[in-house]
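These are my notebook entries on a few positions that I looked up. The sequence and structure come before the entries.

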Amino acid sequence: MRALARYAPVLPVVLVVALLAVPPPSAADTSGAGTVADAVSALVVGYCVVFVLRGRRRPLTRTAAVLLALPVVGITVAACGAASAATGVPGAARYLQIFVLVPAAVLILIRGAHHFRLLAWSFIGLALWQGALGVHQYLTGTGASYMGEDIRAVGTFGSTDVMGMATVVSYGLVSSLALAFRPGARRQRSAAVLCAALLAVPLALSFSRGAWIATAVACAAVLFLAGVRRAGRVLLAGGAAAVVLVAGLGVGSAMLQERLSSITQVTDTPDQSVTDRYTMWAASVDMWRAQPMTGVGLKGFPEHRDGHASLALSSGSDTAGAGSDFVRQPLLSPHNMYLLVLSEQGLIGLAALAGSWLAVLVCALRRWARQRPRRAGAGGPELDCALLACGLLVWQLVDFVYADIGGPSTVLTAVAFGLAAWWAVGARALPGEAAAR
């Protein structure tokens, strides 16, 4: 009971993460409908309000309040410029949920490094579950369709959200790597290294080039921030384990090698998916040029897409497998968060939203500087928290070049932003909590 009371403030957030282990209610349409996790995240925001009122203390630091409120400017302007209230209001609600309300709630509810680490381990637990399902799908041929075979690992997210499992597993891998540098906790460090090696397998089987690139950059950032010597030991151990696991499961197949090589060939002989992406990127820029300051309005990309896209754009993407029949999915976004915001919210929205993210990253790095390893010894007692916050931010900012918000896993993005914000601009621990760090 004492442990339960100690972690009580963040248990609702842990519940949101855990609910992502449950299959979405509708496998046929996970991109537009809300999920149980989304509904519970709204309850978490309400719970946070009650928590703040009962505590009778200022919930946010001045810097945190400014950075979290900054995206509201662009969202409000874009909502007013939407084609109708039916699209503007839901679009604004979604953006506020993911980038303002849920991150603020997570930031407020975390009261120390022990809460932060609990949420990090919940990320890892969810990633292990989804990753195990993904590996099973690959081995049994029950995954999403990829090059004519049902082998793509997607976990419970289905063929209509192939990025869902890749995102969850990437978060778990980055979290594991960061926790492997926790000072004074040898068992947890060993467990974290093992988890990182295990999660490399389902990440590979997701066949998601964007997730691979983002994870590689984020892991490199974590290792660099942790210090070269200490990082080298973890890298060698994790790399050796990953090689054994990959070789044992036969992940190094010709299909995977072809997918890896395609990363450097997208400008030479791109497949149709890459052609569609480039075409939608160009359409987004064209929309921005038409409305440079305010964009075409929230949820306006699908309506304006055909008027700005070239004939190279296909009618949609094919999805099948993982328990779903063949479905032709319409192309409703450019699969680039920065260009999506630029086209729908203009320079005002992009400057507010991306400026907020960059400011949080700068603040996180500044606070990391006080925890970084010294030449004569290990880093500070919260080094793993610093590495995780910076790693998650770097992963998300890189991944947004290849993806945008949408699907059941999006609420996890909101929790990740909340974790990063707590480290960067959150209030320090209350008296008596230092021992729990």
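In which loop is the place of Gln-291? I found Gln-291 in the loop between helix 12 (272-290) and helix 13 (301-308). Helices here are DSSP runs of H or I with at least four residues, numbered from the N terminus.

I note that this is a predicted model, in which local features need pLDDT of at least 70 and side-chain atom pairs count only at pLDDT 80 or more, while totals for chains, interfaces and linings use all residues. Residues are numbered from 1 along each chain as its sequence is written, and side-chain values use heavy atoms, with hydrogens and water left out.

Entry on Gln-291. I recorded Gln-291 as partly exposed because its relative accessibility is 39%; buried means under 20% relative accessible area, exposed over 50%, and partly exposed in between (1.4 Å probe, protein chains only). Beyond its neighbours within four places in sequence, Gln-291 is in contact with Val-296 and Gly-346, contact being heavy atoms within 4.5 Å. From C-alpha to C-alpha, Gln-291 and Gly-346 are 6.8 Å apart in space, and 55 residues apart in sequence.

Entry on Ala-192. I located Ala-192 in helix 8 (residues 186-205). Ala-192 counts as buried because its relative accessibility is 0%. Not counting residues up to four places away in sequence, Ala-192 touches Trp-121, Ser-176, Leu-179 and Ala-180. I also looked up Arg-182, which is 10 residues from Ala-192 in sequence and 9.5 Å from it in space, C-alpha to C-alpha.

Entry on Met-337. Leaving out residues up to four places away in sequence, I listed the residues that Met-337 touches, among them Tyr-95, Phe-99, Trp-357 and Asp-404.

Technical notes. Helices (H or I, at least four residues) and strands (E, at least two) are DSSP runs, numbered from the N terminus.
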